[in-house]
Protein chains: 2
Amino acid sequence: MSRNLRIAGAQLGPIQRGADRAETLARLIALLEAAAAEGAELVVFPELALTTFFPRWWMDAADPELAGYFETAMPNPSVQPLFDRARALQIGFYLGYAERTPQGQHFNTAITVGPDGSILGKYRKVHLPGSREYRPAQQYQQLEKRYFEYGDMGFKAFRGPKVWNAPVLGMLVCNDRRWPEAWRVLGLQGVELMLIGYNSAAYDPNGGPAEDLALRTFHSTMVVQANAYMNATWAVSVAKAGVEDGAGLIGGSCIVDPNGKVVAQATTLGDELILADADLALCQQGKQKMFNFAAHRRPQWYKPIVEQVGAVAPD
Amino acid sequence: MSRNLRIAGAQLGPIQRGADRAETLARLIALLEAAAAEGAELVVFPELALTTFFPRWWMDAADPELAGYFETAMPNPSVQPLFDRARALQIGFYLGYAERTPQGQHFNTAITVGPDGSILGKYRKVHLPGSREYRPAQQYQQLEKRYFEYGDMGFKAFRGPKVWNAPVLGMLVCNDRRWPEAWRVLGLQGVELMLIGYNSAAYDPNGGPAEDLALRTFHSTMVVQANAYMNATWAVSVAKAGVEDGAGLIGGSCIVDPNGKVVAQATTLGDELILADADLALCQQGKQKMFNFAAHRRPQWYKPIVEQVGAVAPD
C-alpha cells in the first residue's frame, strides 16, 4: 500500500554578507509558496539558510557582526513571517540556522516544522569540518570548529504527522552527509526520509587545487545516493549555491529514492525548487530484504567504529 | 610523490554446475597471463571463483556434490597451477573460494597472494546474505547462511610488499561491499586498496520483481564508489557474471579511485580483464582533509552501530 508524501527542496542562491534579513526571508517565502502551489507538503531549505556562510570569515569573538548571524530563539520576529505563511499554507519545512542558546552555546542547527507550525524535531550538526585556527595561506577560511560547538543531541529520528503518512524522519546538516555512521544511526531507527541542508565550497576548503565544482558536486550527490540506498530511505539534500561573498558554493540539490536513484536535481546555482512524490512504502524492499538489519548485521565486528577515532595503519 | 600499483580485475563469465576444474583453472590462468602481459602487478578474481555459485541449490549436508565445492587446503593440487604461474610471472592475486577447515568449519573465503606466492592475507565473509531454509516459492535459492558459517576473522587490513609500494590492503567478499561498517573498520586501518569479489544475482534473490540486472548493477557500482570515497581508498570489485546454471548474475566489475570515480568497468558478462594504474598517493587528499578521521569523527554518537542489531523505529 502506497504512503505518499510530496516533498520539495528549495535551493537558495547566495545570500551575500550584509544582506537584508527581510529580503532573504522574502526569498524563502517565495520558494515556500511555489512549493505549496505545486502541492508539496514538506520543503527543505539549506543549512544556514538565513545568512551568508559566515564561517568563511575570521571574526573576533566579540565582533557584533558575528553575534548578528545567530538566532537566539526560533522562531523569532525576523523569521516569524515564514512560520506564519507556512502554517497558513499547511506546509512543513526544514530550516538550517545558527543557534545561540540562552546559556551562550553556539550550534549549527536545523529544525523540522510540521504543517501546524509545531517544531517536530531539532538537530545540531555533529560533524563540524574546517579548523579553529586562521589559515593564512587560504583566501577563504572554514572556521566552523571555531564558531560552533559540536552537536550534543546525537542522531535522533522522529515521526512525522499522520497527514504526511507518519514517516520516520531524520535530519543531518551538510558535512554529516559524508559520514555513513550518521546515516546508520538513523537507519537503525528505521528512517524513511532524510532531510539535509548544506553549504559546500566549489573548491577544496582545506586548500589545494585537487577539487573543483564538478568533483565536489559529484561527491555530494554520490554520498546521498549510496547512503540512502544502504539505509533504504528517501533523502532530500539541498544547497545554498552560487558565488557568495566572492566564494563559490556548489549546487546539485537532489531528491533520492531508496534505491539511490536521483529522481530530481537542481540545474542552476540560484533559487530553485525541486519536487518529487515520495512513496514511503518503497523503503520496505530494502528494509525487509538486502538491508534487513536484524537478519544481516554483525556488530561484534564493528567495534573499532566506536572504540577509536583516528586511523591506525598496520606495520 | 606517486606510489603506483598497476591493478587488474579478472571478471569471470559463468562457471556451470558440473564444470571441469582444470577447464575453470585454465580460464583463470588465461586472465592472469593477460593481466601480466599488460603489466599488472595484482589481479582480483571473483568470489567463489573456482565453482558455480552453488548456494543457489538446495543440497543435503551429506551430499557429496556439496562437499566437492569446498577446498580443504589452499593451495591444493587442483589450484596449484594458478599459484605456480602467478609466481613465475611475479604477479599477485585475490581469489575467492569455499573453504572447509580441518575442523569441519565452512567459510566463504578470500585470500590475497603476493608476487612471491606467499599468502599475504585471508578473509572470511562476515555479511552472509540469504536464508538457512528452503524457500519453496523461489526458482533459485540463496542458501549462504546454510552452507557457510559467519566469518570469524573480522576486517583486518594488511600491508602489501614493497615492490607494490607497500599499500594498506583490505578484502571483502560480495555482500560485504554494501555494508559501510565493513569499509569503515578497514578505513580505520588506513586502507588504500580494497579487493572485492562478488556473485550477485541479476534479479531480487529474495523474491519479487522489484530488482533487475540494470538496477542491481547500479547498486553494486554505487556502493563501491561511495564507500571508496568515504574512506579515501582505491577499490577493485570483480564479478562472476552471466547466466550460470540458468540464473543471471550481474557483471559491472569496476576499478574505483579515492574520489569514487569509476576509472575502468567491464562491458560484458563474460571473462574480461579491466586495468588501471592506481596511484596510492591519491588517497592522501581524502585521508588528510575531508576524511581526516582523527580531526572529524565523533564516535560518542555512533554507539547504536555496535549496541543494537535490528532497526527500532520511534513511536
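About 6,300 Å² of area is buried between chain B and chain A, and carbon and sulfur atoms give 66% of that area. Three residues, B:Trp179, B:Trp301 and B:Ile305, supply 10% of what chain B buries against chain A, more than any other three residues. The size of an interface is often given as the accessible area lost when the parts come together. The model described here is a predicted one.

**The interface**

In terms of contacts, 72 residues of chain B touch 72 residues of chain A. Between the two chains there are 36 residue pairs in polar contact, both residues being at pLDDT 80 or more. The elements of chain B that give two or more residues to the side touching chain A are strand E6 (158–159), helix H5 (180–187), helix H6 (213–230), helix H8 (293–296) and helix H9 (304–307). Of the side of chain B that touches chain A, H6(B) provides the largest share, with 11 residues. By residue type, that side of chain B holds 37 nonpolar, 20 polar and 15 charged residues.

**How the two copies are related**

Chain B is superposed on chain A by a rotation of 180° with 0.0 Å of shift along the axis, at an RMSD of 0.0 Å. The two copies are therefore related as by a two-fold rotation axis. Both copies use the same surface, since 100% of the contact residues of chain B recur in chain A.

**Salt bridges**

Over all chains, a search of the whole structure finds 38 salt bridges. The count between chain B and chain A is 6. The table gives one salt bridge that joins the chains and one inside chain A.

| Salt bridge | N to O distance |
|---|---|
| A:Asp204 and B:Lys289 | 2.8 Å |
| A:Glu38 and A:Arg6 | 4.0 Å |

**The annotated domain**

An unreviewed UniProt entry carries the annotation "domain: CN hydrolase" for residues 5–280 of chain A. Over residues 5–280, chain A is 22% helix and 27% strand. The end C-alpha atoms of this stretch are 7 Å apart.

**Backbone details**

Most residues other than glycine have a negative phi, and most peptide bonds are trans. Some places in this model depart from that pattern. In chain A, the peptide bond from A:Met74 to A:Pro75 is cis, with omega near 0°. A:Pro75 sits in the loop that runs between helix H2 (64–68) and helix H3 (80–89) of chain A. Chain B also has a cis peptide bond, from B:Met74 to B:Pro75, again with omega near 0°. The loop between helix H2 (64–68) and helix H3 (80–89) of chain B contains B:Pro75.

A:Leu48 is not a glycine, yet its phi is positive, at about 45°. A:Leu48 is found in the loop between strand E2 (42–44) and H2 of chain A.

How values were computed: Residues are numbered from 1 along each chain as its sequence is written. Chains are lettered from A and ligands numbered from 1 in the order in which they are written. This is a predicted model: local features need pLDDT of at least 70, side-chain atom pairs count only at pLDDT 80 or more; totals for chains, interfaces and linings use all residues. Side-chain values use heavy atoms; hydrogens and water are left out. Contact means heavy atoms within 4.5 Å. Buried area is the accessible area (1.4 Å probe) that two parts lose on being put together, summed over both. A salt bridge is a side-chain nitrogen of Lys or Arg within 4 Å of a carboxyl oxygen of Asp or Glu. A polar contact is a pair of N or O atoms within 3.5 Å; within protein, one must be able to donate a hydrogen and the other to accept it, and residues adjacent in sequence count only if both atoms are side-chain atoms. Helices (H or I, at least four residues) and strands (E, at least two) are DSSP runs, numbered from the N terminus. Ala, Val, Leu, Ile, Met, Phe, Trp, Tyr, Cys and Pro count as nonpolar, Asp, Glu, Lys and Arg as charged, and the others, Gly among them, as polar. UniProt positions are given in the numbering used here, feature names are shortened, and annotations may be inferred rather than shown by experiment. Copies are superposed by least squares on the C-alpha atoms of residues with pLDDT of at least 70 in both.
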